[in-house]
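User: Please take a close look at the aromatic cluster in this model. Which residues form it, and how do their rings pair?

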Amino acid sequence: MASDIIILVSYAGAALAVLLACTVLYMKGAKTAWLLFAFGMVLVAADAVLGACVLDAVTVSDVEFYQRLKYLLATLLPGAWVAFSASYSRADGKESIKRYRWIIATLVLVSAGAVLGFPNELLMAVLSQQGGVVIALGWAGKILNLCVLLGTILVLVNFERTFRSATGTMRWRIKYLVFGVGIIFGAKVYVSSQALLYSTIQILTIQINSCAILLGGCLIGYSFFRTRLAESEIYPSQKVLQQSITIIIVGAYLVMVGGLAKLVVK
């Protein structure tokens, strides 16, 4: 029953993400930042749908098939959102994207190389003693999750810079979109870090990812109805990056979880 509810949540989140993408394309036109947003939301929607397919799969081979598609999709998702986070509400949006072009290219090429170049080292599905499916990661799967984790952190840092550099009305206008994206990618930090720490894909992390997509999409949708996803021309300060709360929180989380994992192993 609980699994059925999560599957419905996954499809609802996907539908909302596609609706937001279409609405933004209609309202904002062919502006670079919003084209990237629409593309990113379509990728998020596909991620939610494939997550539902994994949860609803009956056989081991089906679970493996849908998870491989999910990981293929993951080669594009961080790069698209890094580009959007670098251009959203930036007065120098196109120049900002150019500054990140090598990072984006590296994330996409390395992750795509791992998925497409070494499919046999990506993941393998085995039966647990209880009869459930456990998906173990190969070294290529770990590289992919590392790329996703690094890209996700960069997305969060960029949105933090934008939000903290905005003041007064500008901050009020962008906060719900920033918080919505923060929820979606905050969940991805958890999902990727858990995969790296335990070298497995856990059903719980797929469920958390699906719930985060729906909740984050609702906040982004609220931002649309409240401000029509208004933008501001901001020049983020480099000092925000040096004092990033995101890096501090994620760093502390990874250290704590890594330490707990070692204690469990002992």
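Analyst: W34, F37, W81, F84, Y88, F159 and F185 form one aromatic cluster. Rings of Phe, Tyr and Trp (its six-membered ring) pair if their centres lie within 6.5 Å; planes under 30 degrees apart are stacked, over 60 edge-to-face, the rest tilted. This is a predicted model, where local features need pLDDT of at least 70, side-chain atom pairs need 80 or more, and totals for chains, interfaces and linings use all residues. Residues are numbered from 1 along each chain as its sequence is written, and side-chain values use heavy atoms, without hydrogens or water.

The structure holds 15 aromatic pairs. One joins W34 and F37: their ring centres are 5.4 Å apart and their planes stand at 75 degrees, so the pair is edge-to-face. Both residues lie in helix α2, 3 residues apart, about one turn of the helix. Helices are DSSP runs (H or I, at least four residues), numbered from the N terminus.

W34 is buried, at 0% relative accessibility. Buried means under 20% relative accessible area, exposed over 50%, partly exposed in between (1.4 Å probe, protein chains only). F37 is buried too, also at 0%.

W34 also pairs with F84. Their ring centres are 5.8 Å apart with planes at 55 degrees, so this pair is tilted. W34 is in α2 and F84 in α4, so the pair ties together parts 50 residues apart in sequence. F84 is buried at 0%. F84 touches A33, W34, L36, F37, F159 and L177, leaving out residues up to four places away in sequence. Contact here means heavy atoms within 4.5 Å.

How values were computed. Helix = DSSP H or I, 4+ residues; strand = E, 2+ residues; numbered from the N terminus.
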